[in-house]
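Morning, everyone. Please bring up the sequence and the model, and we'll walk through the salt bridges.

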Amino acid sequence: MTLENMIEKIQKGEDLKNELYERTENFLSLQIKSFNEYAFAKGVERDELLSSAWIGMERAIKTYDASSGFKFLTWAGVCIKSQLMHELKQSGRNFVSLDEFVDDGQELCRYETTPDPQAEEDFLLAENELDSGITGKMLKRLEKSQWEIINLCFIKGVSLKGAAKEMGISMSRAKTLRLTALRSLRNMM
């Protein structure tokens with residue numbers, strides 16, 4: 001029996017919720033997974049998230065319309081995430097997208113301005129290694145385009161927008177390139 005058929009029977013009054021729970025337990029865990037870090041920061045336990053996910057699942061069961069053409073799990077995912085966000089907002093923390101731009105020039109996204117606890121240690125290590133020439137050797141191990149974006153943004157002081165224009169690539173590609181270059185450098189340390 002497909003989930004869609006099972007939901008149709010549940011909507012008609014049959015008691016199949018235990019079977020539904022067993023079949024969707026992993027799905028619920030995956031939905032909760034992306035909220036674990038936020039919940040932990042707010043002191044919300046995993047069990048509370050699971051309860052909220054089930055409230056979202058109940059809403060999905062009640063409002064699912066098979067004639068919409070969507071699979072049940074697609075609709076359930078929307079309802080569950082909505083309920084989880086509602087639960088976490090109720091506990092006092094606002095959600096913001098890390099991909100949201102923080103300035104009008106659209107050069108910086110929130111993820112680029114979010115503090116990295118490892119960054120200060122990495123910076124001090126890199127500063128010490130610069131004196132010994134190790135950083136130069138690490139830069140030479142980068143791909144040409146990665147080296148170019150690092151050179152433009154951090155050595156020449158060109159903005160990300162300016163670097164993208166000079167390299168003839170999109171702003172999105174420049175951000176991705178800079179991020180992968182920085183990760184590569186961090187992994188080399």
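Start with E8: E8 forms a salt bridge with K12, and their closest N and O atoms are 3.4 Å apart. By salt bridge I mean a side-chain nitrogen of Lys or Arg within 4 Å of a carboxyl oxygen of Asp or Glu.

A word on the source. This is a predicted model, where local features need pLDDT of at least 70, side-chain atom pairs count only at pLDDT 80 or more, and totals for chains, interfaces and linings use all residues. Residues are numbered from 1 along each chain as its sequence is written, and side-chain values use heavy atoms, with hydrogens and water left out.

Back to the pair. E8 is partly exposed, at 38% relative accessible area. K12 is exposed, at 65%. The cut-offs: buried is under 20% relative accessible area, exposed is over 50%, partly exposed is in between (1.4 Å probe, protein chains only).

How many salt bridges does the structure hold? Two.

K17 forms a salt bridge with E58, the closest N and O atoms being 2.9 Å apart. K17 lies in helix α2 (residues 17-33) and E58 in helix α4 (residues 46-63), so this pair ties together parts 41 residues apart in sequence. Helices here are DSSP runs of H or I, at least four residues, numbered from the N terminus. K17 is partly exposed, at 32%. E58 is partly exposed too, at 24%.

Now α4. Its buried residues include L49, W54, M57 and I61.

How values were computed: Helix = DSSP H or I, 4+ residues; strand = E, 2+ residues; numbered from the N terminus.
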